[in-house]
Amino acid sequence: MSYHQGPINWPQVAAAGKGFAFVRASAGTLTADTAYWTNRSGARAAGLAVGSYHFANPDTAPNDAGNEASWFLRNAAIASGDLIPVLDFETANGLDPVSLATWAQTWLTQVTAATGVRPIIYTTPKFWATSMADTDWFA
């Protein structure tokens with residue numbers, strides 16, 4: 001969930017049998033999701049397990065992956081009992097597969113070091129096949 005979905009009726013979500021929600025904390029290095037804290041607290045209050053995610057916006061700027069990881073860590077609450085943090089990885093922005101893999105490795109390593117939890121990657125099969133050259137390095 002993110003601000004894109006508008007206000008969420010979290011009790012209704014829980015009543016529909018949903019048990020968890022991933023909530024966007026950040027995107028790139030400049031965007032903090034304006035609905036993050038409302039969605040996080042609403043989902044938790046409704047009894048849902050909650051996880052935080054970052055929408056990647058990789059580019060060739062120096063230390064971009066590290067800067068995005070730092071931005072995520074500044075804007076997300078990663079607490080005991082939360083779901084594993086997520087890297088939402090759907091945009092290549094012209095980077096080749098090797099550069100994207102290195103970018104993702106850097107982001108994941110930095111978030112793991114800061115949280116003690118290895119994040120998961122959310123993506124599409126098409127993105128992984130074309131932009132990541134179907135790498136199995138992350139498996």
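Two residues are said to be in contact when heavy atoms of theirs lie within 4.5 Å of each other. This meaning of contact is used throughout the following account of the structure, which is a predicted model.

Five strands form an open sheet in the order 2-1-3-4-5, and their pairing is mixed. At the edges stand strand 2 (31-32) and strand 5 (120-122), each of which pairs on one side only. Strand 1 and strand 2 run antiparallel and are joined by two bridges; here Ala27 stands opposite Thr31 of strand 2. Strand 1 and strand 3, by contrast, run parallel, with seven bridges between them. Phe22, for instance, has Gly51 of strand 3 as its bridge partner. Strand 3 and strand 4 are also parallel, and three bridges join them, with Tyr53 partnered by Val86 of strand 4. In a regular strand, side chains alternate between the two faces of the sheet. Strand 3 is mostly covered, since five of its seven residues are buried.

Helix 2 touches strand 1 and strand 3 (49-55), and its direction makes about 165° with that of strand 1. The buried residues of helix 2 are Tyr36, Asn39, Arg40, Gly42 and Ala43. An α-helix has 3.6 residues a turn, so residues three or four places apart point the same way. The buried residues of helix 2 pack against helix 1 (10-15), strand 1, strand 3 and helix 3. Just after helix 2 comes Gly47, with a positive phi of about 90°.

Is Arg40 buried or exposed? Arg40 counts as buried because its relative accessibility is 5%, and the limit for a buried residue is under 20%. Leaving aside residues up to four places away in sequence, Arg40 touches Val23, Val50, Ser52, Ala77, Ala79 and Asp82.

Two packed helices are described by the angle between their axes and the distance between the axes. For helix 3 (residues 64-75) and helix 4 (residues 97-115), the angle is about 35° and the axes are 8 Å apart. Their crossing is right-handed. On the side of helix 3, the contact is made by Asp64, Ala65, Gly66, Glu68, Ala69, Ser70, Phe72 and Leu73. Helix 4 contributes Trp103, Thr106, Trp107, Gln110, Val111, Ala114 and Thr115. Sorted by class, this contact has eight nonpolar, five polar and two charged residues.

The largest nonpolar core has 29 residues, of which Leu87, Phe89, Leu100, Trp103, Trp107, Met132 and Phe138 touch the most other members. At least two residues of this core come from each of strand 1 (20-27), helix 2 (36-45), helix 3, helix 4 and helix 5. Which element gives the most to this core? Helix 4 does, with seven residues.

Not counting residues up to four places away in sequence, Phe89 touches Ala56, Pro58, Leu100, Trp103, Ala104, Ile121, Tyr122, Thr123, Phe127 and Met132. One of these, Pro58, is found in the loop between strand 3 and helix 3. Pro58 counts as buried because its relative accessibility is 0%. Beyond residues up to four places away in sequence, Pro58 touches Asp64, Glu68, Phe89, Thr91, Ala92, Asn93, Leu95, Leu100 and Trp103. Pro58 and Trp103 are 45 residues apart in sequence, yet their C-alpha atoms are 7.2 Å apart in space.

The segment after helix 5 (125-131) holds Ala133, which has a positive phi of about 55° although it is not a glycine. Ala133 is partly exposed, with a relative accessible area of 49%. Asp134 is found in the segment after helix 5 as well, and its phi is near 55°, again a positive value in a residue other than glycine. Asp134 counts as exposed because its relative accessible area is 52%, and the limit for an exposed residue is over 50%.

Definitions and conventions. Residues numbered from 1 in each chain as written. Predicted model: local features only at pLDDT ≥ 70, side-chain atom pairs only at ≥ 80, totals over all residues. Heavy atoms only, no water. Axes fitted to C-alpha atoms, helices over the stretch in contact; angles between N-to-C directions. Helix = DSSP H or I, 4+ residues; strand = E, 2+ residues; numbered from the N terminus. Left-handed = near helix turned anticlockwise from the far one by under 90°. Nonpolar A, V, L, I, M, F, W, Y, C, P; charged D, E, K, R; others polar. Buried < 20%, exposed > 50% of the residue type's maximum accessible area, 1.4 Å probe, protein only. Core = buried A, V, L, I, M, F, W, Y, C linked by side-chain atoms within 4.5 Å. Pairing = 2+ DSSP bridges.
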